[in-house]
Amino acid sequence: MTARERQDARAGRLMLAPALVMLGVLAAWPGLWVLWLSLQQRIPVFGIERFVGPSHYAFLAGDPRFWNAARVTVLFTLVSVMLELLLGVAVALALQGQQRGRRLAVALLLLPWALPSVVTGRMFEWLYHPSAGLVNFLLGGRAINWLGEPALALPALIAADVWRTMPFVALLCYARCLTIPVEIYEAARVDGAGAVATAREVTLPLLRRVLLIALLFRTLDALRAFDLMFVLTGGGPANTTETLTVYAYRSLFQTLQLGFGAAIGVIVFALVMIVAWLYLKAMAHEEATA
């Protein structure tokens with residue numbers, strides 16, 4: 001390394017220093033504090049504050065409620081993300097083939113994504129109302145308690161999440177479709193490929209990298225989802241929609257078991273980091289083989 005390169009590297013580290021310090025203060029330090037808190041038993045109401053080591057994690061390993069919350073979290077993530085990807089790609093392809101009213105369609109597509117999660121939750125709470133909801137009205141006036149039946153609450157929650165976040169995937173895919181050269185489609189038509197074959201053999205392979213990015217962001221968001229299920233069901237009925245984040249919230253703020261709730265938060269953080277690492281490895285492999 002030449003003297004000029006060493007000087008440039010030193011200058012680069014110097015300019016990065018303020019951002020790294022802020023990142024450490026705002027992210028690393030709170031994360032370490034939560035980890036330390038998870039090793040303690042803290043219940044401020046009763047004045048309990050003592051170090052218990054990994055006992056919270058040992059308890060969670062055999063806690064049926066924790067494993068139920070983990071199952072609900074994984075199921076919610078898998079189903080909602082899969083539906084969002086399928087519907088998002090379908091909507092993007094429909095927008096790409098639309099000749100008129102495309103701007104209006106994109107504007108309407110942005111509406112669910114632009115609404116705050118709490119507003120979306122309240123809106124679906126009205127839509128799912130057993131006696132006055134639009135969903136039951138469209139089903140012939142049947143009084144179905146979508147959010148009160150254990151078998152229906154999670155599917156209803158997934159439907160609301162898909163409606164809210166599918167536009168994110170659709171807009172990412174649509175933006176990528178706009179960058180695909182027209183000559184590729186012309187060549188496919190010359191070769192005799194129909195609309196389905198063109199979408200399968202041309203468009204979808206070119207969307208692969210964007211889909212990986214959308215998959216990464218949506219999976220991380222779904223694993224950490226809290227607001228929608230808290231507004232719609234609060235984790236009920238009978239804990240059928242209680243995810244890990246809702247369980248952590250109940251432990252931290254409703255029962256004030258700070259150390260126990262922090263342990264659940266650390267597990268959620270570790271799960272998110274593992275999933276992010278796996279996706280980043282997949283994206284790096286995709287770029288290496290492209």
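Reader: What volume does the largest pocket have?
Author: We're working from a predicted model here. In that model, the largest pocket comes out at a volume of about 420 Å³.

Reader: Which residues lining the largest pocket are closest to its centre?
Author: The lining of this pocket has 16 residues. Of those, the closest to the centre are Val34, Ala262, Gly265, Val266 and Phe269.

Reader: Which element gives the most to the lining of the largest pocket?
Author: Helix H1 (3-37), helix H12 (244-254) and helix H13 (258-289) are the elements that give two or more residues to that lining. The top contributor among the elements, with six residues, is H13.

Reader: How many residues in the lining of the largest pocket are nonpolar?
Author: Sort the lining by class and you get one charged residue and four polar ones. The nonpolar count is eleven.

Reader: And the second largest pocket, where does the largest share of its lining come from?
Author: That pocket holds about 260 Å³ of space. Helix H3 (64-97), helix H8 (182-190) and helix H9 (195-206) each give two or more residues to its lining. The largest share is five residues, and it comes from H9.

Reader: Which charged residue sits in the lining of the second largest pocket?
Author: By class, this lining splits into five nonpolar, five polar and one charged residues. Its members include Leu93, Gln96, Tyr185 and Arg189.

Methods. Residues are numbered from 1 along each chain as its sequence is written. This is a predicted model: local features need pLDDT of at least 70, side-chain atom pairs count only at pLDDT 80 or more; totals for chains, interfaces and linings use all residues. Side-chain values use heavy atoms; hydrogens and water are left out. On a 1 Å grid over the protein atoms alone, a cavity is a set of points where a 1.4 Å probe fits but cannot get out, and a pocket is an open set with protein on both sides within 12 Å along at least five of seven lines; lining residues have an atom within 4 Å of a point. Grid points are joined across faces, edges and corners, and a volume is the space filled by probe spheres set on the points. Helices (H or I, at least four residues) and strands (E, at least two) are DSSP runs, numbered from the N terminus. Ala, Val, Leu, Ile, Met, Phe, Trp, Tyr, Cys and Pro count as nonpolar, Asp, Glu, Lys and Arg as charged, and the others, Gly among them, as polar.
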